[in-house]
Amino acid sequence: MTDVNTEEHYYLRFSLAQRLLHIAIIITFLGLALTGLPLRFSTHPWMQGLARGVGGFGAVLFFHKFCALALTIVFVVHVANAAWRVVVHKEYGLIWGPRSMVPRLKDIQDFFGNMKWFLHLGPKPKFDRFAYWDKVDYWAVFWGMGIIGFSGYAMWFGSFFARFIPGSWLNIALLIHGEEAILAVAFIFTIHFFNTHLRPENFPMDLTIFTGRLSEEEFKRMHPEEFDRLKANGGLEKLIAPPPPPWMKNFSWSAGAAAVAAGLVMLVMTVVAFLSD
Amino acid sequence: MKLVLVLFGAAIGLWAAAPDCLSCHEDKTAAKDSIHGALGCNGCHADIQAFPHPEKQTKVNCSTCHAGGAAELAKSVHGGPTGPSCTSCHGDAHSILPAKDPKSATNAANLPRTCAGCHGNAETAKASGAPQVYAIYMDSIHGFALTKQGLLVAASCSSCHGSHGILSHRNAASKTFRTNIPATCGACHGGPLQAYTAGIHGQKLAAGAANAPVCISCHTAHQITRVDTASWQMKTTATCGGCHKNQFTTYRDTFHAQVSALGYDQVARCWDCHGFHDTLPASDPKSTVSAANRIQTCSKCHPGANAGFVKYDPHANARDGKDYPALHVASIFMNLLLAGVLGFFALHTILWFFRSRTGSK
């Protein structure tokens, strides 16, 4: 345990609140997928078995709504926090700039640059704090939560919503809810898992979202533009953090591996059920 | 009247002679307790008039007295030389009991077993086109009520098929001919018959529609079960869907069907909305799903259902762009979105994977 004395510095990338919200998203998303897939593929024997395992339809719907409420709270906390930081603390960098999730020209340039790099036609682009695929991940989830959430609540409180929208929209709500959910499941359990964790550079897992910190080597390799900028303007010093203690690493490995395993099992079930649908 | 007097006189005279018969035929003593006991031996064995009697007698002819039953039997599926004789069903000739006697072979409670003497036999059952008929009848609500509970109002074989005059269900005069079935079942199930006759299925049958369902189309004939069990109710959508194929397909796209498929029975299936015996098309103002009655029907499960809510279509078809343009477009959009996003990133991921493996420089 001589990590503390090694020369390598660790830098803070995600706050504790952000890490906890990500864990909350993992748990609620897995819960929603686990209880939603049996409904979407209700005629498939595997999914029927899954529903029985959860405790029958009554339990399936209860947990689905429970996780939906919890994820709604996560969503609201995130948006409220972002709004608070912008409005009260005037962190306009969240809206625009290198620290923002809002896409900008550099993302498009990075995308084409990365394509060239994939094809051995150019150097690897120097990514900033959030690479374009991070932004796709973020906005896919953001859009997904809006669409799936709204259609879900519309069906949950059907007779209330039907006062304002025609009942035929509830037909569309179920369709969109189910298809968007399949997209979310397929996207998170393949693209997000690969982009962030399973690709050779990060395999088997990038622990940063759990530990909140990354090493200097990782920082330079993954977010060179941000590293150089922070080094130039002196912001880097403020981010220096102690290396993740062993318990935190162990927890991160366990939680992350469990989530990825659960996701991959559900992905297989989804693909099988989808193909026999 | 004269005939009765003659028979009566003969009976009195003959029982005086009966002890003589029984002194040789002592195994037939029980005949005295049968329904025919009063007739004496030669009431049936009519050609024996004196002792000693000839070695060979003509066969006893029941139709001498029971002309009606015999005539019906002759015309029935059981008629003809290879068919069953009177005693095949009524039991031993010397101990025949009236059908209302609980010990009679033709008593309602005993009849299934009596018929099963032939129809419970696998070969006969198969030949008559109804294998397993005895076993499935005994497990049905009729068989259970009659033979296990002793409820004599429950349908026995003859309740639906008749007795002497049983005809093939292909014979238009048969009680089990398709168009006669509602009347046959309705003899006991008067309420359902009335409702069925008023409903669209009954109307269509009366109008001569060849595909109009009758009682057994949904309930089956011999396998009839309680309709208040979840196991039966879970099967009903497929039953209706057997004819209403499009509606079945579109129902299966909805939340109602998804929930139902997971084994939850507290959810709308066909008849929860459409009714059953008296079901009517939505165009009929009296229908439970007519525009005027829809709010009330949906409210059974969805308290607070309102005019907007009932615009929800429990049979919407996303594949039908003509009647459901918005849903159809949404469906196409979602398919393209899924294919587009996943396809794009699949390619992105594959390229990335191979590039990473060759080194990140």
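Tutor: Here are some questions and answers on the labels used for this structure.

Tutor: First, some housekeeping: this is a predicted model, where local features need pLDDT of at least 70, side-chain atom pairs count only at pLDDT 80 or more, and totals for chains, interfaces and linings use all residues. Residues are numbered from 1 along each chain as its sequence is written, while chains are lettered from A and ligands numbered from 1 in the order in which they are written.

Student: Why is A:K90 called exposed?

Tutor: A residue is buried if 20 or more other C-beta atoms, placed from the backbone, lie within 10 Å of its own, exposed if 12 or fewer, and partly exposed in between. A:K90 has 9 other C-beta atoms within 10 Å, so it counts as exposed. It sits in the loop between α3 (56-87) and α4 (105-118) of chain A, and its phi is near 55 degrees, positive in a residue other than glycine.

Student: And what makes B:T220 partly exposed?

Tutor: B:T220 has 13 C-beta neighbours inside 10 Å, so it lands in the partly exposed class. B:T220 also has a positive phi, about 65 degrees, without being a glycine. Look for B:T220 in the loop between α13 (215-219) and α14 (230-233) of chain B.

Student: What about A:P242, buried or exposed?

Tutor: Exposed, because A:P242 has 11 other C-beta atoms within 10 Å. A:P242 is in the loop between β3 (240-241) and α12 (246-275) of chain A. A:P242 and A:H9 are 233 residues apart in sequence, yet their C-alpha atoms are 7.6 Å apart.

Student: How do you know that the buried residues of α5(B) line one face?

Tutor: In α5 (residues 111-119) of chain B, the buried ones are B:L111, B:P112, B:T114 and B:C115. Down the axis of α5(B) they fall within an arc of 160 degrees, so they line one face of the helix. The arc is that of the directions from the helix axis to the C-beta atoms. These buried residues pack against α4 (86-90), α7 (133-139), α8 (141-148) and α9 (157-161) of chain B.

Student: What counts as a helix or a strand, anyway?

Tutor: Both are DSSP runs numbered from the N terminus: helices are H or I with at least four residues, strands are E with at least two. By that count, chain B has 20 helices and 0 strands.

Student: Why are β2 and β3 of chain A said to stand at the edges?

Tutor: The open sheet has 3 strands in the order β2-β1-β3 (chain A), with antiparallel pairing. β2 (213-215) and β3 each have a single partner strand, so one side of each is left without a neighbour in the sheet. Two strands pair if DSSP finds at least two bridges between them. Strand β1 (residues 10-12) and β2(A) have 3 bridges, and A:Y10 has A:S215 as its bridge partner in β2(A).

Student: What makes residues of the two chains "in contact"?

Tutor: Two residues are in contact if their C-beta atoms, placed from the backbone, lie within 7 Å. On that test, 38 residues of chain B are in contact with 36 residues of chain A. α20(B) gives the most to chain B's side, with 17 residues.
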